[in-house]
Amino acid sequence: MLLTSNTSLLSASDPTSNRQSKIENLKSHVVLRVTEIFRSVQGESTHAGRPCTFVRLTGCPMRCTWCDSEYTFTGGEHFPMEEVLNRVRDFGCPLVEVTGGEPLAQREAFDLIKRLCDEGYEVLIETGGFVSTEGVDPRAKIILDIKCPASGEAERNHWPNVELLRSETDEVKFVIADEGDWEFAKKVIAKYDLEERAKAILISPAWAQIDLRQLANWITESGLKVRMQLQLHKYIWGPDVHGV
Ligand code: SF4
């Protein structure tokens with residue numbers, strides 16, 4: 001985090017007021033790498049259908065086989081924190097999602113989440129699940145992806161994140177590409193008692209990779225307390241359109 005990495009600029013002999021003003025100055029220079037900020041309807045989770053401002057941060061060290069956000073892996077623009085906040089304010093939407101890429105891969109995202117919570121926004125964090133969610137402002141709501149085998153990244157699930165879930169606010173998501181993924185999801189749900197531990201268990205089909213009726217049948221036959229979800233935004237605007 002920029003603030004931490006620059007603390008050496010603060011001399012122990014500085015008068016308190018001077019030190020405070022330098023801290024404020026450093027805070028104001030926190031920079032985030034951003035792919036896009038836009039307003040749309042929330043396409044997933046129990047919040048689907050609600051108007052929402054999205055802050056999509058750049059970069060992700062994972063490479064899920066079915067990733068639909070590859071355009072976030074590189075590029076992006078460096079935005080000062082205040083610029084990000086101003087854009088969010090301009091959209092005037094009480095619900096904000098911080099997403100990516102992997103938003104928590106940027107340490108500055110933790111500051112952004114706190115600032116958004118301080119301003120009274122209802123904040124959702126969509127995370128790929130391999131970065132610890134410890135330290136995320138507790139006022140934010142976590143949507144934790146648990147990667148299944150067909151993603152190619154199941155080995156990188158950071159399981160302690162499951163222990164941090166709060167049943168009043170946090171949701172888990174499994175993207176299912178084949179039957180092996182569904183079997184994996186069922187085992188994880190049982191092992192970690194996710195029906196009790198999470199507010200919702202979201203079962204999301206990998207786009208164009210699995211028959212929706214087949215997945216619906218598996219879900220209904222299982223008797224599990226899960227929720228099948230489709231990515232609403234892709235049905236409205238198409239699967240390849242960004243920033244809507
Ligand atoms: S974690 Fe998310 S952004 Fe990263 S590769 Fe997987 S699906 Fe894509």
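Reader: Leaving aside neighbours within four places in sequence, with which residues is Leu-194 in contact?

Author: In this predicted model, Leu-194 is one of the residues with the most contacts inside the largest nonpolar core. Once neighbours within four places in sequence are set aside, its contacts are Ile-146, Val-162, Leu-165, Val-172, Phe-174, Val-188, Ile-189 and Ile-201.

Reader: How many residues does the largest nonpolar core have, and which residues have the most contacts inside it?

Author: In soluble globular proteins, nonpolar side chains tend to be buried together. Here the largest such core has 60 residues. Those with the most contacts inside this core are Phe-174 and Leu-194.

Reader: Are Glu-44 and Lys-173, which meet in a salt bridge, buried or exposed?

Author: The side chains of these two residues pair with an N to O distance of 2.9 Å. The link joins distant parts of the chain, 129 residues apart: Glu-44 is in the loop between strand 1 (31–41) and strand 2 (51–57), and Lys-173 is in strand 7 (residues 171–176). Buried means under 20% relative accessible area. Because Glu-44 has 11% and Lys-173 has 6%, both count as buried.

Reader: How many residues apart are Glu-122 and Arg-50?

Author: Glu-122 and Arg-50 form a salt bridge whose closest N and O atoms are 2.8 Å apart. Glu-122 is partly exposed at 22% relative accessible area, and Arg-50 is partly exposed at 31%. Glu-122 belongs to strand 5 (residues 122–127) and Arg-50 to the loop between strand 1 and strand 2, so the pair links distant parts of the chain, which lie 72 residues apart.

Reader: In which helix do Arg-87 and Glu-83 both lie?

Author: Arg-87 and Glu-83 form a salt bridge, with the closest N and O atoms 2.8 Å apart. Arg-87 is partly exposed at 36%, as is Glu-83 at 30%. They are four residues apart, about one turn of the helix, and both lie in helix 3 (residues 81–91).

Reader: Which residues do salt bridges that share partners join into one network?

Author: By the salt-bridge rule, the count comes to 19. Salt bridges with shared partners form one network, and the residues joined in it are Glu-82, Arg-89, Arg-115 and Glu-119.

Terms used. Residues are numbered from 1 along each chain as its sequence is written. This is a predicted model: local features need pLDDT of at least 70, side-chain atom pairs count only at pLDDT 80 or more; totals for chains, interfaces and linings use all residues. Side-chain values use heavy atoms; hydrogens and water are left out. A salt bridge is a side-chain nitrogen of Lys or Arg within 4 Å of a carboxyl oxygen of Asp or Glu. Helices (H or I, at least four residues) and strands (E, at least two) are DSSP runs, numbered from the N terminus. Buried means under 20% relative accessible area, exposed over 50%, partly exposed in between (1.4 Å probe, protein chains only). A nonpolar core is a set of buried Ala, Val, Leu, Ile, Met, Phe, Trp, Tyr and Cys residues joined through side-chain atoms within 4.5 Å. Contact means heavy atoms within 4.5 Å.
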